[in-house]
Amino acid sequence: MTRLSSEGATPAMAQWFTLKAENPEALLFFRMGDFYELFFDDAVTAASALDIALTARGTHGGEPIAMCGVPVAAAPAYLARLIRRGFRVAVAEQTEAPVKGRPSKGPLARAVVRLVTPGTLTEDELLEPGRSNLLLVLAGGGARGRKAKESEKLGAAWIDVSTGVFETASLSPNGLPALLGRLDAAEILAPAALDLADFTSRRAPDAAAPSVETARERLAAAFGVASMDAFGTFSDEESIAAAMAVDYVRRTQAGRLPRLARPVTQNEGGILGIDPATRASLDLLRARDGGTDHTLFAAINRTASAAGARLLAEWLAAPLTQPARIAARQAAWGCLREQAVCREGLRAALKKAPDIARALGRLSVGRGLPRDLAAIRDGILAAREAGSVLHGAGGLPHELARVGAFLGVAGGLEKQLRQALAESLPARLDDGGVIAPGYDAELDEHRALRDDSRRLIAAMQADYAARYGVTTLKIRHHAQLGYVMEVPVAASARLKDRAELVLRQGTASNARFVTEELASLNTRITEAAEQATRRERAVFGALVEAVLAEADLPPLAQALAELDVFQSCATLAAGGAWCTPKVTEDTEFALEGCRHPVVEAALPAGTRFTPNDCRLPPEQRVMLLTGPNMAGKSTFLRQTALAVILAQAGFPVAAERACLGVVDQLFSRVGASDDLARGRSTFMVEMTETAAILNQAGPRSLVVVDEIGRGTATLDGLAIAWGVLEALHSTVRCRTIFATHFHELARLVDTLPRLSLHTMGVREWRGQIVFLHEVLAGTAKKSWGVHVARLAGVPVPVVERAARLLKELERAENTIPEPLPLFDTQKTLPHPPENTLRKRIMDTDPDSLTPRAALELLYELRREAERMQPQAMAGHGQSSPETDSF
Ligand code: ADP
Ligand code: MG
């Protein structure tokens with residue numbers, strides 16, 4: 001930011017400086033007439049972000065003032081672009097109206113009426129209909145500037161301003177990544193010392209945390225209760241986070257607090273732990289390419305409303321861990337699956353249901369539009385319709401009966417809105433005509449006066465035309481002059497002498513006159529119109545109050561959303577090969593005929609997806625999966641993880657049959673990609689993620705890992721894969737699928753009792769490879785890398801040369817009896833013999849090297865290594881019986 005002082009500024013500029021100083025972290029949209037103008041650095045930033053013209057206006061301190069602007073009418077589209085690019089915008093409006101005909105002394109008063117930030121949006125233009133938009137606040141986690149200890153709990157509070165959702169949690173710092181991944185908040189307010197990892201770019205400017213006492217008082221005041229105890233027990237950190245969230249929201253809405261649900265504390269224990277890396281590898285809500293088409297969500301979404309889609313996404317992001325709750329959801333959609341007529345009826349009703357929650361959100365911050373009131377009206381009606389369809393079904397399971405109880409409420413409000421709102425509604429209240437005739441007597445009166453006068457004026461045109469003998473005479477409304485009589489210039493000469501006519505304006509072709517009669521009618525119309533507008537606003541305001549006072553609306557909106565999710569699951573299950581999984585308290589794991597719904601949907605027409613079984617019973621809970629590239633390993637791993645997520649979210653699973661012992665944490669490392677943005681190599685990412693699994697997974701977890709150790713030299717990689725597999729098998733003792741291209745690991749089956757060997761079926765046919773995509777018992781016989789290379793279009797001479805080389809290498813290998821000391825698990829890998837290379841490295845002090853010296857040393861070591869014979873590493877102990885240890 002250029003250092004500027006307001007010295008020597010014009011009065012309007014001085015105002016700009018004051019408002020900018022109050023909102024230094026935001027771009028200032030400064031209202032001037034029909035434009036929002038931006039100045040100085042804000043203008044430079046916005047012009048480039050929005051690709052609009054940058055101009056200059058006047059000078060300040062001898063420098064031209066950079067400026068750009070957007071029309072007020074088009075502002076939402078520009079705001080959306082700025083918000084998406086991570087900017088915040090402070091909107092400064094003129095808070096007094098210019099008075100016509102009176103020159104103002106000094107600039108009009110202006111104030112920031114709103115701070116637009118990514119996590120506090122309410123407008124449909126700025127929001128995705130099917131996604132929640134959360135502000136997340138984190139508090140606690142140790143004193144400033146120092147890393148949190150594990151024992152120091154974090155408080156979390158999250159708010160969706162657009163729907164009023166307000167939840168909190170108390171968690172230990174190592175639960176933070178999973179929470180961040182699950183909520184995927186648009187904006188995060190967190191202590192500077194807290195590492196937000198991949199979510200750093202969502203950080204909001206830091207704010208000071210209040211004391212616990214202040215926090216509790218502020219929260220109680222915000223909800224109009226004497227004490228927060230009324231809503232349950234909140235930890236200190238939770239209270240602080242919640243109070244900060246409320247404060248932040250209030251600040252962004254210029255002091256006005258939107259309607260928020262009472263804060264609900266979430267028991268993190270009841271949710272399947274899925275960390276961000278696992279989420280990313282599974283394409284749950286967003287695909288790795290950033291799109292939403294090839295996601296699990298898209299594959300299962302059959303909701304009929306935006307609110308339903310949001311809830312489906314929420315449940316998919318937070319699967320449960322209590323079999324009873326899972327079973328309750330299954331029972332709800334299971335009932336609808338059996339009743340096709342009821343299901344179709346519900347779909348029809350839900351399709352008509354507008355987004356009540358978001359309409360309520362806007363109405364509660366004073367940004368409600370006429371269509372938001374209509375949304376409430378139609379929503380209540382649709383809910384009633386859904387309710388009667390549902391109750392027609394009879395014999396409802398508990399969850400459906402609970403939801404059904406909320407669907408018939410708020411009938412009085414619906415009737416009131418039906419009577420009050422005009423048949424066709426304008427986009428904005430100011431356009432007039434929102435309230436139906438006959439609803440409010442006073443409004444009708446003002447309108448009648450206004451319209452009668454208009455009719456009188458219309459009648460006058462014929463009258464005047466006859467009186468002044470000008471057939472082309474017109475009575476027109478003119479923006480500045482009001483109603484005028486307009487005649488062609490040729491005719492105007494004749495009217496010059498008429499005393500009752502006052503010439504107001506002459507143009508090249510027309511002359512415009514007024515009469516006393518016209519002027520007084522004009523005044524009556526203006527006054528009546530103004531009064532009608534005022535009255536209409538008041539009636540609108542009263543309706544908004546009535547809507548906000550209807551306590552049954554938020555639960556009704558929630559009930560509709562839940563019903564839509566149940567309907568969606570039922571429709572999905574009824575329409576294809578989806579099953580109701582049995583979710584149990586033990587550690588069983590059996591999937592029969594399981595598919596990957598996203599890969600299946602993406603297969604070209606005519607190709608069939610091959611279903612596979614997956615069994616990980618306690619006595620064989622670790623599966624080692626080998627097979628060539630492209631054989632379907634990664635797909636199999638992912639579909640297994642997805643089956644767990646679907647099952648525990650209470651949704652149908654893409655399988656013939658499924659029986660799963662509840663999983664507490666899911667870890668999936670499939671297809672690691674380079675994290676170039678953070679300057680880490682594939683291998684480093686892979687090892688960081690592997691470390692996370694080994695440190696966090698427990699006996700109830702499910703771990704699926706793909707090709708660990710691929711990103712480094714073969715021996716290294718094999719050793720690491722081997723160590724990790726052993727640890728998962730014998731120390732973590734969780735259910736595991738371990739896909740690898742290190743066929744050597746298959747020998748571990750002799751020493752790891754719970755390991756089972758599986759491989760992807762392939763067939764060779766006339767020298768070509770055919771992938772069967774079938775998971776079979778056993779291990780892969782060869783790698784088929786050369787075949788896959790041919791398939792991928794590597795030029796024939798190269799492939800042929802590689803095939804010849806492979807033959808030779810294989811022959812050479814077979815002459816070495818036992819190439820690798822695979823079964824010395826006590827010491828894992830042997831230490832390489834002492835050699836000069838090692839000595840040279842150990843003698844080096846990396847900290848004292850200049851970059852240039854380091855590079856030279858590296859080259860030298862490399863040359864030396866090349867000269868050395870590969871060290872034979874045989875002779876380090878044969879297999880030891882005691883391998884089942886870490
Ligand atoms: P790998 O991990 O073994 O290299 P992938 O799982 O990436 O193999 O699968 C490669 C491709 O094979 C997939 O993109 C998909 O088109 C196809 N495929 C995988 N599994 C199946 C299956 N069970 N049925 C049909 N096609 C499959
Ligand atoms: Mg793969």
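Let's start where two helices touch: Ile356, Ala359, Leu360, Arg362 and Leu363 in helix 12 meet Asp372, Leu373, Ala375, Ile376, Gly379 and Ile380 in helix 13. Contact here means heavy atoms within 4.5 Å. Helices are DSSP runs of H or I with at least four residues, strands are runs of E with at least two, and both are numbered from the N terminus. By class, the residues of this contact divide into 8 nonpolar, 1 polar and 2 charged. In that scheme Ala, Val, Leu, Ile, Met, Phe, Trp, Tyr, Cys and Pro count as nonpolar, Asp, Glu, Lys and Arg as charged, and the others, Gly among them, as polar.

A word on the model itself: it is predicted, so local features need pLDDT of at least 70 and side-chain atom pairs count only at pLDDT 80 or more, while totals for chains, interfaces and linings use all residues. Residues are numbered from 1 along each chain as its sequence is written, chains are lettered from A and ligands numbered from 1 in the order in which they are written, and side-chain values use heavy atoms, with hydrogens and water left out.

Back to the helix pair. Helix 12 spans residues 356-364 and helix 13 spans residues 370-393; they pack at an angle of about 145 degrees, with their axes 9 Å apart. Axes are lines fitted to C-alpha atoms, for helices over the stretch in contact, and angles run from 0 to 180 degrees between N-to-C directions. Helix 12 passes helix 13 in a left-handed crossing. A crossing is left-handed if the near helix is turned anticlockwise from the far one by less than a right angle, and right-handed if clockwise.

Now step back to the whole chain. The protein chain has 27 helices and 26 strands. Of its 886 residues, 48% are buried. Buried means under 20% relative accessible area, exposed means over 50%, and partly exposed lies in between, with a 1.4 Å probe and protein chains only. Looking at contacts between residues at least 6 apart in sequence, 68% join residues at least 24 apart. The accessible surface of the protein chain comes to about 42,300 Å², and 54% of it belongs to carbon and sulfur atoms. These areas come from the Shrake-Rupley method with a 1.4 Å probe; for residues, only the protein chains shown count as cover.

Helix 10 (residues 323-338) packs against helix 19 (residues 553-575) at an angle of about 60 degrees, and their axes are 8 Å apart. The two helices are therefore oblique to each other. Angles under 35 degrees count as roughly parallel, over 145 as roughly antiparallel, 65 to 115 as roughly perpendicular and the rest as oblique. Their crossing is right-handed. On the helix 10 side you will find Arg329, Ala332, Trp333, Leu336 and Arg337, which meet Phe566, Gln567, Cys569, Ala570, Ala573 and Ala574 in helix 19. This contact has 8 nonpolar, 1 polar and 2 charged residues.

The crossing is left-handed. Leu413, Gln416, Leu417 and Ala420 of helix 15 make the contact with Leu543, Ala546 and Val547 of helix 18. Those residues divide into 6 nonpolar, 1 polar and no charged.

The loops deserve a visit too. Most residues other than glycine have a negative phi. Ala197, however, has a positive phi of about 50 degrees although it is not a glycine. Ala197 sits in the loop between strand 10 (187-189) and helix 5 (212-222), and is partly exposed, with a relative accessible area of 39%. Met630 has a positive phi of about 75 degrees, again without being a glycine. Its loop runs between strand 20 (622-626) and helix 21 (633-648), and Met630 is exposed, with a relative accessible area of 60%.

Thr95 lies between strand 5 (89-94) and strand 6 (110-116), and counts as partly exposed at 48% relative accessibility. Leaving aside neighbours within four places in sequence, Thr95 is in contact with Ala109, Arg110 and Ala111. The C-alpha atoms of Thr95 and Ala109 are separated by 5.5 Å, with the residues 14 apart along the chain. Arg498, in the loop between helix 17 (489-495) and strand 15 (502-506), touches Arg467 and Tyr468, not counting residues up to four places away in sequence.
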